Amino acid sequence: MTPSRRQLIHLAAGAAALASFPRIAFAADYPMRPIHLGVGFPAGSGPDIIARIAGHWLSTRLGKDIVIDNRPGAGSNIATELAAKAAPDGYSLYLAVSANAINATLYGHLNFDFAHDFVAAGLVAMTPFVVVVNPNFEAKNLSELIALAKSKPAGAINMATSGVGSGSHISGELLQMMSGIKLTHVPYRANYVPDLLGGQVMLAVSPLPQVLDFIKQGKLRGLGVTTATRSQMLPDVPAIGEIVKGYEAAGWFGIIAPKGTPADIITKLNTEISAGVNDPDTKKRLIGVGAEPRAMSPAEFDKFIASEIAKYAKVIEFAKIQAL
């Protein structure tokens, strides 16, 4: 018997419903196996430490192991490309960091599009950079530094950072762009703190955890933190934005997934990420490594990433920064 048109329509609808059923069941039961969390930096690095803290609470809350997958190299671009091309099933996540927003412009020919190949699951934490000087340096605060830099020949004051295109470099260039000063960039591959302590370099834009103890001991002086508000770890050091209106820059860490990951999985992940960020024990662990816990919804985090890419694109163009 040949089926009627009406029967064919019913059969097609039934097939579509059956096809969608496994995905619905899959999302409801997620996760059913270990989840991999990619990290673009080596074990023991700042991003790796944050990933392991986040992985611990997610594992506890989701009831499945979170496997940290370190793939360092090429400024984190190797790991980011692998994450972008992973299956969008919720089992391949990635720890995005501020460097990814910088790299979107800094590197001209990437095999992925950071702005469009991922969906945001949730922000985990932010880490301030801090403008820091040797106590013998003649400028005692940020206003004096800006005035001093303007009174001297351009570039007379040098600025140590973690390297060309690093978060500390871009934060320093943003300060120059917004305050109208010019410093001489001194990129370091190794630790610059000994040279800063010894007075071989005048100033550094440093991740806060790297110099926090030296500032508290009076061996270095913090002039300003790069976050929009003062850091709870250095409440007596002003935010740069208090002197240079509108200034804001920071290192940040959040969890993203390949584009196409089901929305209900992203919602579930965000719920658990946010719960972890607000957990007192987890907050204590994050603050202990120099990170300030911060939660965002997926929509808020997506918007934040887009704004970071746009902001740093302007800085890179202004300073004519090229990847080495």
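Contact here means heavy atoms within 4.5 Å, and helices (H or I, at least four residues) and strands (E, at least two) are DSSP runs numbered from the N terminus. The model is a predicted one, so to speak of local features takes a pLDDT of at least 70 and side-chain atom pairs count only at pLDDT 80 or more, while totals for chains, interfaces and linings use all residues. Residues are numbered from 1 along each chain as its sequence is written, and side-chain values rest on heavy atoms, with hydrogens and water left out.

First, the overall picture. The chain carries 11 helices and 11 strands, and its C-alpha atoms fill a box of roughly 95 × 40 × 30 Å along the principal axes. Of the 324 residues, 49% are buried (under 20% relative accessible area, with exposed being over 50% and partly exposed in between, using a 1.4 Å probe and protein chains only). Take the contacts between residues at least 6 apart in sequence: 78% of them join residues at least 24 apart.

Helix 6 brings Ile 170, Glu 173, Leu 174 and Met 177 to the contact, and helix 11 brings Lys 311, Tyr 312, Lys 314, Val 315, Ile 316, Phe 318 and Ala 319. By type, the residues of this contact split into 8 nonpolar, no polar and 3 charged (Ala, Val, Leu, Ile, Met, Phe, Trp, Tyr, Cys and Pro count as nonpolar, Asp, Glu, Lys and Arg as charged, and the others, Gly among them, as polar).

Now for the salt bridges (a side-chain nitrogen of Lys or Arg within 4 Å of a carboxyl oxygen of Asp or Glu), of which the whole structure has 7. One of them pairs Asp 89 with Arg 33, with the closest N and O atoms 3.3 Å apart. This pair links distant parts of the chain, 56 residues apart: Asp 89 is in the loop between helix 3 (77-84) and strand 3 (92-97), Arg 33 in the loop between helix 1 (5-29) and strand 1 (35-39). Arg 33 is partly exposed, at 40% relative accessibility.

Helix 2 (residues 46-62) holds both Arg 52 and Asp 48, 4 residues or about one turn of the helix apart. Their salt bridge has its closest N and O atoms at 2.9 Å. Asp 48 is buried, with a relative accessible area of 3%, whereas Arg 52 is partly exposed at 39%.

Another salt bridge joins Arg 61 to Glu 272, with a closest N to O distance of 2.4 Å. Arg 61 belongs to helix 2 and Glu 272 to helix 9 (residues 263-277), so the pair ties together parts 211 residues apart in sequence. Glu 272 is buried at 12% relative accessibility, and Arg 61 is partly exposed at 45%.
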